[in-house]
Amino acid sequence: MTRRKPALPQERSARFQRAVRTLLARPLLVAGLADPDLFRLIRSQAAELRDWFDRETGWRLVVDAQTARLFKTVPTVHDATYPARDPRSGAPFGRRRYVLTCLALGALERADSQVTLGRLAEQILMAAADPDLTAAGIVFALDNREERSDLIAVVRLLLDWGALHRVAGDEEAYLGASGDALYDVDRRVISGLLTGSRGPSTITEPTFEARMRALTAEVMPDTEELRNRSLRHRLTRKLLEEPVVYYDELTAEELSYLTRQRAAILGRITEATGLVGEVRAEGIAMVDPDDELTDIRMPAQGMLSHLTLLLAGHIAAEPDRVEVEELHTLTRKLAAEHKAYWRKNATDPGMEIELVNAALHALTALKLIAVAGAQVTAKPAIARYALAEPTIRDNGART
Amino acid sequence: MAEETPPAQHPFAHLQAPNAALYRKVMLAFMRAKERFTVHLRPEDIALDLTHDLDAVVEALGRLEHWGNLRADPDTGRVTSVEDFHRARYLYQLTPAGQAAEQAIAVYEDAIGRRGVLQSVALADIATQLRALLALTGNGAELDAAKTHLLLISVAERFSGLADNAQAFMASLRRTIDFADNDVDAFLAYKERLISYIERFIADLANSGAEIADLALRIEAAGVEPLLEVAARREAADAVPDGIDDEADAAVAEAMRHWRNRWAGLRSWFISADSRRPSQARLLRSAAIGAITQLLGAVAVINERRSGRSDRSADFRALARWFAQAPDEAATHQLWRAAFGLGPSRHLTVTAQTLDEWAEQRVAAATPWAQAPPLAVSPQLRRTGSYERRGQPNRVIDRADARRLLLERAAQEAAQTAAARARLVTDGPVLLSHLGQLDPQAFRLFLGLLGDALSARGPHTKEVRTTTGDGTMEVRLTLVDDAGLVEIHTTDGVLSGPQHLIDITDLTRATVSR
């Protein structure tokens, strides 16, 4: 067994947990934008935090007077439920906005210390003329309102991160083509945005899959000890990032290591984060008794969350697949039943499609279901949302 | 002189003309000659000086004369060759316009070329002169006009030089930092010296600046007006010859205003008016400190770019292409997460109640999710989608009494069972008839035992040994032949049957007693 340092004194350990949780929830903090208390907390614990993340996850943590950045790497490249979002509306980014974000960052990286929205737009226009982009169908001419609002969503994201700081003017005026806005550029933030170990410009693979592989590739360890450490890092990252880690997603090597070291790994995570391991036959969920460390809450208040919970209960009761069509029908019924509590338009014809889509998206993101075409398959952990029924169990009868 | 100058003069035209470089050289040759007090120059002299082709020089001189920079006079000197004799020969000299243009250009080039220096020596000088001024005011005697005036002039001169230079320095520093993008090596070599230079200046400014501020305040306390007035009078006396009194007074007033202004400038340079209007010295200091940070930032950026990392701008452009070429929308999200890693962690929640329940039931790690107790979701939330109730809340029912009653009853039952068992246990085989009277609790248990034993006995056997269903008691039953019927008395009535030998052991205690 690994030797552990003696447990931290209660007070200090609570502060440490808070710092770790903050960084997990928001891997980039910029002074002036983030809560000053939290920022100070992280600054004061920087050395220990750096140590912990390095030892347990292999993630790099950089903390200076202006920024705190945890360079998280993805535990899996196949999860599409973590999109960038417009800070204002929460709508996920689409392809155009992603492209624009990268072009804007490319321009800002070269820019002076200040820039106006108009100037930035000009530079993006120039960069968007890249034949590879136009060949891929990205045309950006900035001649309509929709394109302007794409640009503004991108700028809002950069403001949200602290890559830009607004000095004068506002984006709305630009949207109406009647004004402009002036920003300070924070190069330090921009230089710390990419998390991959390799710069994309050094990767020449032609296909998407190969690019992703190259981007997330890690050095293969060549000694037993390093191999074990790398296994531990991978498992800890999964457990820290993902709502549920199913055993059937792990490689044989990972699974056998986890089986042997489960108590130790979970213990360390619990000590540092306050997350509790829900260990079941199919996998492990690190659950949060404080219900803070997540971007999707369940259960939660509100019509959509309510529907999600009810649908989860229904899916949990079905051992096999559920047709999406069936959920539509159920949602119409539920909307009628809950007329008193739900939004008025929930009973509008056709509304159920939108509602079910949103609910299924949340359940997929929480790794409770898998959706393939028009069919929904329950994943084991969804059973924790089943209605509690008085079942007869045989445990407790002996002894 | 006026009638000799051509009507249209363009002394700066040569700067824009083709061949400007040659014109500049020629004009500079004239300026150099003037410094040696040589006024007239022959084309040959210039060609020799510039080591340039004579024809080109002659051509250039002609053009410059045309623009009014030079004046040509016929050369009446002796010649030594026929060709020279036949060529039109002139002596050239600078015109006043040409000379003024040269001076203007020199000033311009000086200003543009100036890097700007921070003069810590100037600070020391100003301090020294102010000390001298203070000494003059201190002794109460008549002020020495000449001394005072000279000191003030020299302070003013030193000071305006300092201010100009500081301004120029800040400007040139900015150029240097901006410059860093182009010439990295030169910048890196330069920055070390630059930083230590700025640091020294900051220290000097802090020390001398404080002393100067202090001296200025003390001079003001001792009375700065008389000093300024002495200087002003002396200056006015210089400027206007003795004559009308009014004019002299006006000149003194003008000079006085001038001096007050200068003093105020010096004062505000070193002494902050209040926290919102800091002194120039303080501004300069913070600007210099800012410059260092900026320099270090520029160095950091350069070092990062050099240390084998790829060009970030190119990285972003490559990513833009990847996003554009990604196979589907889901792929763009995946790429986003992999490249930026800015997503939050995501975890399911759990309630304290559920955690307690799991702990209580000791849910084993091998339990499937479907068989573990589900999450305790508030029934209110499940029913309405919200934690708050609409309308009147239910009264909370206090079940503490009922719970206590149940607990008491359970304890009582456990005690009775224990007593019954103790009552039934025999020390070795006894006859049924010797069991004595049984209370209902013990009798019920006894019937259970008897039932177990009799049902376990085969059709033709006389003896049976069996354990109860819960495995806590063992009973041995042996039929006693020809003993007839016996009776067992209980509070509920009398049980009769054939006589048996019975041996009851409490297995839960057996291990202890044996």
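**A two-chain predicted model**

B:Arg260 is partly exposed, with a relative accessible area of 42%. For the terms, buried means under 20% relative accessible area, exposed means over 50%, and partly exposed lies in between, with a 1.4 Å probe and protein chains only. This is a predicted model, where local features need pLDDT of at least 70 and side-chain atom pairs count only at pLDDT 80 or more, while totals for chains, interfaces and linings use all residues. Residues are numbered from 1 along each chain as its sequence is written, chains are lettered from A and ligands numbered from 1 in the order in which they are written, and side-chain values use heavy atoms, with hydrogens and water left out.

Back to B:Arg260. Its partner in a salt bridge is B:Glu225, with the closest N and O atoms 2.9 Å apart. A salt bridge here is a side-chain nitrogen of Lys or Arg within 4 Å of a carboxyl oxygen of Asp or Glu. The pair links distant parts of the chain, 35 residues apart: B:Arg260 is in helix α11 (residues 245-270) of chain B and B:Glu225 in helix α10 (residues 225-239) of chain B. B:Glu225 is partly exposed as well, at 35% relative accessibility.

Now the chains themselves. Helices (H or I, at least four residues) and strands (E, at least two) are DSSP runs, numbered from the N terminus. Chain A has 15 helices and 12 strands, and 49% of its 399 residues count as buried. Chain B has 19 helices and 8 strands, and of its 514 residues 37% count as buried. Contact means heavy atoms within 4.5 Å. Taking contacts between residues at least 6 apart in sequence, 62% of those in chain A join residues at least 24 apart; for chain B the figure is 65%.

How many salt bridges does a search of the whole structure find? Over all chains, there are 46. A:Glu172 and A:Arg88 meet through their side chains at 4.0 Å, N to O. They sit 84 residues apart, A:Glu172 in helix α8 (residues 171-175) of chain A and A:Arg88 in the loop between β3 (67-71) and α4 of chain A. A:Glu172 is partly exposed at 41%, and A:Arg88 is exposed at 56%. Both belong to a network of salt bridges that also links A:Asp86, A:Arg96, A:Arg97, A:Glu147, A:Asp150 and A:Arg156.

The other is A:Lys367 with A:Glu242, at 2.8 Å, N to O. A:Lys367 lies in the loop between α15 (351-365) and β11 (369-372) of chain A and A:Glu242 in the loop between α11 (224-241) and β7 (245-246) of chain A, so the pair ties together parts that are 125 residues apart in sequence. Here A:Lys367 and A:Glu242 are both buried.

Next, the interface. Chain A contributes 104 residues to the contact and chain B 70 residues. Between them they bury about 8,100 Å², 60% of it on carbon and sulfur atoms; buried area is the accessible area (1.4 Å probe) that two parts lose on being put together, summed over both. A:Arg95, A:Arg280 and A:Arg384 supply 10% of the area that chain A buries against chain B, more than any other three residues.

A:Arg280 lies in the loop between β8 (276-279) and β9 (283-287) of chain A and is buried, with a relative accessible area of 3%. Leaving aside neighbours within four places in sequence, A:Arg280 is in contact with A:Tyr247 and with several residues of chain B, including B:Trp358, B:Pro368 and B:Trp369.

Across the interface the rule finds 6 salt bridges. B:Arg321 forms one with A:Asp130, where the closest N and O atoms are 3.3 Å apart. On the side of chain A that touches chain B, helix α4 (residues 95-110) of chain A gives the largest share, 10 residues.

Last, the cores. A nonpolar core is a set of buried Ala, Val, Leu, Ile, Met, Phe, Trp, Tyr and Cys residues joined through side-chain atoms within 4.5 Å. Which residues touch the most other members of the largest core? Of its 63 residues, they are A:Leu158, A:Trp161, A:Leu164 and B:Phe340. A second, separate core of 44 residues includes A:Leu310, A:Leu366, B:Leu348 and B:Leu375.
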